[in-house]
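Dear colleague,

Please find below the structure that I am handing over to you.

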Amino acid sequence: MLVEQIAVFLENKSGRLAEITAILAENEINIRALSVADTADFGILRLIVDKVEKAKTVLRENGFTVGKTQVLAVEIEDKTGGLAKVLKSIKNAGINVEYMYAFVNKTGENAVLIFRFEKMGEAIDTLQRDNFTILTSEQICGL
Amino acid sequence: MYWQKDQECLPRPDLEKLQLERLRATLRRVANNVPFYRNKFAELQLRPDQLTALEELRDYPFTTKQDLRDNYPYGLFAVPLRDVVRVHSSSGTTGIATVVGYSRNDIITWSDLVARILCGAGVTPDDVIQIAFGYGLFTGGFGLHYGAERLGASVIPISSGNTKRQIKIMQDFKTTALVCTPSYALKMADVMMDMGVNPNGLSLRYGLFGAEPWSEAMRQEINERLGIRATDNYGLSEVMGPGVAGECRECNGLHISEDHFFIEIINPDTLEPVAPGEVGELVITTLTKEAFPVIRYRTRDLTRLLPEPCPCGRTFVRMSRVMGRSDDMLIIKGVNVFPTQIEAVLFEIEGTEPHYRLVVERENNEDKLTVMVEVVESIFFDEMKKQRALVETIKKRLASELGIGVEIKLVEERSLERFDGKGTRVIDKRRL
């Protein structure tokens with residue numbers, strides 16, 4: 001039900017993102033989605049990749065601080081109001097979103113929303129009850 | 001110009017005789033009352049009663065800051081607590097704080113010694129003295145306060161901080177003497193400029209500065225910008241606090257109150273005495289302290305003695321201003337900071353050996369300490385909220401540990417240079 005996400009600590013200095021993506025490319029790891037949260041001094045890069053363990057290992061070997069978190073991937077139709085529906089359902093259940101990011105799949109029909117909720121268990125129950133499609137890791141990598 | 005002329009101008013032979021008597025009495029007293037000293041003396045078969053010359057003190061063991069920490073809080077007190085009327089302490093909650101105590105007589109002596117320094121700098125009972133040192137466990141505030149009262153000056157115990165208010169009070173109360181750190185005096189000059197206050201319109205005449213290293217260039221700048229005569233004074237809480245030594249109006253070295261402190265200058269590596277006039281580490285033995293005597297305390301401050309007689313008439317030897325440290329202690333905003341204190345806090349938070357770097361700068365005459373911390377997995381979060389909360393936690397813990405505010409900069413793992421053993425983790429960019 002939950003999808004593994006890796007997070008990487010980044011100092012705000014030039015070339016770091018390029019280095020990470022190069023390392024992943026060399027190791028034939030495919031990035032499905034990413035987001036960067038940043039302050040003036042540092043950033044947190046979050047990645048959904050097809051080979052989580054391998055990505056973690058190679059990034060660590062290259063001196064990066066890597067964390068692993070579980071996030072929730074929700075698939076919606078790529079139509080106006082799609083995200084609003086999901087957020088309304090979550091809001092009604094009184095659950096806070098810690099962060100989210102999104103990508104559109106190859107066919108361009110559906111969008112995938114990646115969520116980190118304050119209460120992951122309750123969020124799953126709520127979204128399932130409201131008939132949203134929750135993707136597994138395999139499904140994400142197959143997109 | 002003198003507070004206690006008879007003592008301050010005592011002929012050297014008489015002074016040395018007095019020192020020997022007092023030294024023998026102090027050694028005898030610590031051997032009787034302080035197990036730490038008793039055991040050390042016994043091990044080395046030292047008999048205070050048999051001390052016949054000041055030079056024989058060299059046979060006695062040194063006392064270090066670590067000894068003070070090991071005996072935290074009251075282990076080195078030489079009188080029962082009921083005879084202690086005051087305690088002061090260094091900052092620190094990680095088990096490396098030190099505590100010192102004062103008997104009623106110690107407070108009187110301390111007040112007199114501070115009064116000597118004020119007098120030497122030119123302060124009289126007619127002066128209004130603004131004490132902008134922190135009051136509290138730090139010895140600076142209370143030390144100067146009691147000395148200034150003893151002298152009979154009018155004391156404004158304003159304590160540290162709130163520079164605009166300091167200046168307002170300085171104007172309204174017609175302060176004539178200012179006590180603070182030299183960098184804070186320059187900060188005040190900056191703020192006066194911002195406020196449109198002309199220092200020439202103030203009543204200020206004297207500045208008594210201490211608690212941090214400074215230079216002749218800084219003295220010139222302070223004198224010119226504030227229109228005062230700045231003098232240096234020296235002390236440390238382990239020995240007493242301010243009042244150990246101070247400049248007279250010659251402004252050429254600090255007279256050490258040798259009737260109360262016996263001074264040695266040693267090579268910090270060989271621990272042997274340096275040749276007269278050479279730079280070395282200052283070692284102090286208290287001669288009259290009752291509650292907290294120290295024997296051959298290694299101050300870690302580097303200085304040299306100026307043996308030539310001073311035109312002021314005082315017979316007490318002068319030391320040059322402190323030139324540096326023989327350990328890794330930093331003085332930031334007048335507060336003593338050891339890298340180990342920071343390391344201990346980071347270790348607690350990270351749960352592992354921290355990798356860090358300290359950067360000290362002086363911006364607008366104010367010291368700024370930035371702690372660069374490598375982010376390891378135990379302190380890395382995928383949520384920005386938590387990552388920023390971590391920065392705040394480190395900030396707060398360090399502020400409470402050190403007693404000064406710090407900046408935190410998180411850096412990537414393995415981005416800081418590694419040091420083998422006792423390498424320096426400190427980059428001090430201050431130019432004094």
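Predicted model: local features only at pLDDT ≥ 70, side-chain atom pairs only at ≥ 80, totals over all residues.

Residues are numbered from 1 along each chain as its sequence is written, and chains are lettered from A and ligands numbered from 1 in the order in which they are written.

**Contact between the chains**

Chain B gives 16 residues to the contact and chain A gives 17 residues. Here two residues are in contact if their C-beta atoms, placed from the backbone, lie within 7 Å. On the side of chain B that touches chain A, two or more residues come from each of helix H11 (384–402) and strand E20 (407–411) of chain B. Helices (H or I, at least four residues) and strands (E, at least two) are DSSP runs, numbered from the N terminus. E20(B) provides the largest share of that side, three residues. By class, the side of chain B that touches chain A holds seven nonpolar, two polar and seven charged residues. Ala, Val, Leu, Ile, Met, Phe, Trp, Tyr, Cys and Pro count as nonpolar, Asp, Glu, Lys and Arg as charged, and the others, Gly among them, as polar.

**The sheet of chain B**

Chain B contains an open sheet of nine strands with mixed pairing, in the order E4-E3-E5-E6-E7-E8-E9-E14-E13. Two strands pair if DSSP finds at least two bridges between them. The edge strands, each pairing on one side only, are E4 (154–156) and E13 (305–306) of chain B. E13(B) pairs with E14(B) (residues 318–319) in the antiparallel sense over two bridges, and Leu306(B) stands opposite Arg318(B).

Helix H5(B) (residues 104–121) lies across E6, E7, E8 and E9 of chain B, at about 30° to E8(B). Helix H9(B) (residues 216–226) lies across E6 and E7 of chain B, at about 130° to E7(B). For these angles, axes are lines fitted to C-alpha atoms, for helices over the stretch in contact, and angles run from 0 to 180 degrees between N-to-C directions.

**A residue in a loop**

Arg314(B) is in the loop between E13 and E14 of chain B. Is Arg314(B) buried or exposed? Arg314(B) counts as buried because it has 24 C-beta neighbours inside 10 Å. A residue is buried if 20 or more other C-beta atoms lie within 10 Å of its own, exposed if 12 or fewer, and partly exposed in between, with C-beta atoms placed from the backbone. Leaving aside residues up to four places away in sequence, Arg314(B) touches Glu8(B), Cys9(B), Cys248(B) and His255(B).

**Helix H10 of chain B**

The buried residues of H10(B) are Gln341(B), Ile342(B), Val345(B), Leu346(B) and Glu350(B). Seen down the helix axis, these fall within an arc of 155°, so they line one face of H10(B). The arc is that of the directions from the helix axis to the C-beta atoms. The buried residues of H10(B) pack against E17, E18, E19 and H11 of chain B. Gly351(B), with a positive phi near 75°, follows H10(B).

**A strand of chain A**

In strand E1(A) (residues 3–11), seven of the nine residues are buried. Six bridges join E1(A) to E4(A) (residues 66–77) in an antiparallel arrangement, where Val3(A) has Val71(A) as its bridge partner. Six bridges also join E1(A) to E3(A) (residues 42–49), again antiparallel, and there Ile6(A) is partnered by Leu47(A).
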